Amino acid sequence: MNIQLAGIARESIVDGPGLRYTVFVQGCPHGCPGCHNPGTHDFSGGKTYEIETLIKDIKEQKLISGLTFSGGEPFCQAKELCAVWDGVRNEKLNLIVYTGYTFEKLLQENNPEKIALLQRAAYLIDGPFVLSQRDLTLPFRGSKNQRILDVQASLTKGEAVEIEF
Ligand code: SF4
């Protein structure tokens with residue numbers, strides 16, 4: 001199976017706590033004004049990666065403490081990202097997923113592939129980038145409306161449970 005990516009960062013310290021491997025997916029439908037990464041919007045852009053090759057590369061990074069799926073919009077390639085996570089998951093790694101959707105919107109849509117990705121995540125950083133709410137002091141986010149959610153607690157409760165790292 002293949003996945004369409006804008007790129008990867010093998011040792012990121014800006015996409016969540018600790019040293020993380022970040023997968024930037026290609027393609028985003030949200031079109032947030034002021035988006036920091038407009039080159040990731042085109043679904044036909046980016047580069048095609050074999051998922052098995054990506055899994056192997058992630059497993060070779062022995063110092064990472066987690067994996068981050070960013071974009072682009074990760075939930076537009078939810079099935080592929082589930083396969084990536086299932087190929088690398090171990091007790092030492094946690095998964096952070098960025099999304100321009102809100103947690104509530106994902107629950108409401110109830111798409112099985114998107115819910116499956118949600119279920120695999122430890123943390124969700126949700127919501128579109130809103131230029132009027134931009135705040136450069138926020139850790140790991142670009143605008144004040146974006147939240148860091150404890151996904152497992154949120155799924156158990158059926159509503160968003162916010163945390164700070
Ligand atoms: S969701 Fe992210 S990548 Fe997509 S338009 Fe908004 S800021 Fe850009």
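# Exercises on strands, helices and a nonpolar core

Strand 1 and strand 2 (residues 20-25) pair in the antiparallel sense over five bridges; strands pair if DSSP finds at least two bridges between them. The model is predicted, so to speak of local features requires pLDDT of at least 70 and side-chain atom pairs count only at pLDDT 80 or more, while totals for chains, interfaces and linings use all residues. Residues are numbered from 1 along each chain as its sequence is written, and side-chain values use heavy atoms, with hydrogens and water left out.

**Exercise 1. Determine how many helices and strands the protein chain has, and in which pattern they follow.**

Step 1. The protein chain has five helices and seven strands. Both are DSSP runs numbered from the N terminus: helices are H or I with at least four residues, strands are E with at least two.

Step 2. Along the sequence, the pattern reads β-β-β-α-β-α-β-α-α-β-β-α.

**Exercise 2. Describe the surroundings of strand 4 (66-70) and its pairing with strand 2 and strand 5.**

Step 1. Five of the five residues of strand 4 are buried, so this strand is largely enclosed by the rest of the structure. Buried means under 20% relative accessible area, exposed over 50%, and partly exposed in between, with a 1.4 Å probe and protein chains only.

Step 2. In a regular strand, side chains alternate between the two faces of the sheet. In strand 4, G66, T68 and S70 point one way, whereas L67 and F69 point the other way.

Step 3. Strand 2 and strand 4 run parallel and are joined by five bridges, with V23 opposite F69.

Step 4. Strand 4 also pairs with strand 5 in the parallel sense, over four bridges; there, T68 has I96 as its bridge partner. From strand 4 the chain crosses through helix 2 to strand 5, and this β-α-β crossover is right-handed (with the strands pointing away from the viewer, the path from the first strand over the helix to the second runs clockwise).

**Exercise 3. Find which residues of the largest nonpolar core touch the most other members, and which element gives the most to this core.**

Step 1. The core has 34 residues, of which L54, F69 and L124 touch the most other members. Such a core is a set of buried Ala, Val, Leu, Ile, Met, Phe, Trp, Tyr and Cys residues joined through side-chain atoms within 4.5 Å.

Step 2. Elements giving two or more residues include helix 1 (51-59), helix 2 (78-88) and strand 5 (94-98). Helix 2 gives the most, with six residues.

Step 3. Beyond its neighbours within four places in sequence, L54 is in contact (heavy atoms within 4.5 Å) with I3, L5, I8, Y21, V23, Y49 and V84.

**Exercise 4. State which residues of helix 4 are buried, what covers them and which residue caps the N-terminal end of helix 4.**

Step 1. The buried residues are K114, I115, A116, L117 and L118.

Step 2. Their cover includes strand 4, helix 2, helix 3 and helix 5 (151-157).

Step 3. The cap is N111: one of its side-chain oxygens lies 2.9 Å from the backbone nitrogen of E113.

Terms used. A polar contact is a pair of N or O atoms within 3.5 Å; within protein, one must be able to donate a hydrogen and the other to accept it, and residues adjacent in sequence count only if both atoms are side-chain atoms.
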